[in-house]
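Look at the sequence and model first.

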Amino acid sequence: MIHVAVVGTGSIANAHVQAYLKFPERCRIVALVDIVPEKAQRMKERYGLEAQVYDDHEKILPLTDIDLVDVCTPPYVHASISINCLRSGKNVVCEKPMAASLEECDAMLRARDESGKKLSIIAQNRFRQPIADLKALLDSGLAGPVRSAQVDSFWWRGHCYYDLWWRGTWEKEGGGCTLNHAVHHIDMLAWMMGLPEKVTSVLANVAHDNAEVEDLSASILQYPGALAQLTASVVHHGEEQQLVFQCEKAKIAAPFACYASNSMGNGFPERNEALEKQIADYAAALPRVQWEGHDGQLENVLTAIETGCDVAIGGEDGRRTIELITAIFKSGAVGQTVALPLSKEDPFYTVEGIMQNVPHFYEKTTSAQEFGGEITLGSNYRK
């Protein structure tokens with residue numbers, strides 16, 4: 001039986017708790033931690049948990065009966081909490097984004113390696129059937145190499161979204177929609193194509209004058225033989241999120257779409273329905289994802305602890321995503337194309353360097369302690 005402590009009991013923690021409760025024979029939540037312990041107590045009562053409530057994660061560090069710590073706090077303390085828990089001999093799963101800087105990511109990786117414990121960074125969309133299928137289709141080579149990618153990380157958030165105490169500042173949120181919303185799509189893109197060689201970006205805040213951070217960014221990513229365009233937004237009504245890959249022989253996308261073309265003698269296209277059927281049949285025959293979203297990733301973490309195998313989404317995956325996001329911030333801040341990888345000497349390698357160089361679009365004006373209501377977790381990539 002794996003004993004779990006959840007640190008941070010805000011909105012996203014509900015998805016984690018609900019996932020663990022699906023595996024009652026394998027894990028049990030024994031501790032809930034929040035700097036506002038009343039929130040943790042409410043979570044305990046909501047789910048009928050037999051868990052102790054703590055107001056500081058350091059109080060669980062000496063406890064030897066905790067096997068896994070699940071970090072669901074605001075981003076600015078992801079690194080410090082994860083490092084402390086790893087060093088105390090506990091496995092860690094950390095919500096996205098992994099950390100606020102590459103320096104913090106590297107410190108987390110060192111703590112993992114020195115402790116010998118597991119570290120997984122949440123990127124739950126890889127455990128969705130359409131995304132797993134898209135990755136497998138790209139890897140199959142049926143559509144040919146990627147020539148162009150379009151990644152639409154479209155979300156919508158009202159003006160009051162940034163009134164929550166930790167949102168809307170570079171210090172505590174670590175960035176705007178690029179870091180905390182498009183992180184999902186950037187992870188998926190990097191999983192499928194790796195890191196680009198160069199990044200050119202523009203940052204803006206067009207609708208939230210109560211936040212320092214961007215609510216819209218547009219980037220062009222240069223790969224060998226391909227370009228990708230990435231839009232991160234919290235101003236798009238409808239939240240129509242998608243990943244589209246224009247390959248040599250066909251377009252494939254999530255939500256699933258496929259269109260294949262052949263060249264006529266004059267260079268104009270004619271539809272290749274035979275290849276479209278081959279691609280669709282291949283996708284339909286792929287293995288089914290047993291557990292989707294957070295359920296899938298947390299089940300994978302439990303399996304890794306039980307068997308000693310590697311987690312599916314580890315610290316290097318989380319760091320890769322932060323590196324691309326950092327390049328976007330740097331390019332948008334300095335108004336220049338940025339080459340990857342970023343070095344440790346780069347000013348944007350540290351939180352302090354980021355804070356000194358990024359634009360502050362507006363000043364934060366409100367600091368609400370907590371919000372009620374439900375949250376949305378984005379597209380399921382099904383039509």
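## Charges over rings

R26 places its charged end over the ring of F23, 5.5 Å from the ring centre. Sitting over a ring means that NZ of Lys or CZ of Arg is within 6 Å of the ring centre and within 35 degrees of the ring normal. R167 lies over the face of Y161, with 3.9 Å to the ring centre.

This is a predicted model: local features need pLDDT of at least 70, side-chain atom pairs count only at pLDDT 80 or more, and totals for chains, interfaces and linings use all residues. Residues are numbered from 1 along each chain as its sequence is written, and side-chain values use heavy atoms, with hydrogens and water left out.

The whole structure holds four aromatic pairs. Rings of Phe, Tyr and Trp (its six-membered ring) pair if their centres lie within 6.5 Å; planes under 30 degrees apart are stacked, over 60 edge-to-face, the rest tilted.

F23 is buried at 6% relative accessibility. W291 is partly exposed at 27%. (Buried is under 20% relative accessible area, exposed over 50%, partly exposed in between, with a 1.4 Å probe and protein chains only.)

## W170 and F329

The ring centres of W170 and F329 are 5.1 Å apart, with planes at 80°, so this pair is edge-to-face. W170 is buried, at 3% relative accessible area. F329 is buried, at 3% relative accessibility.
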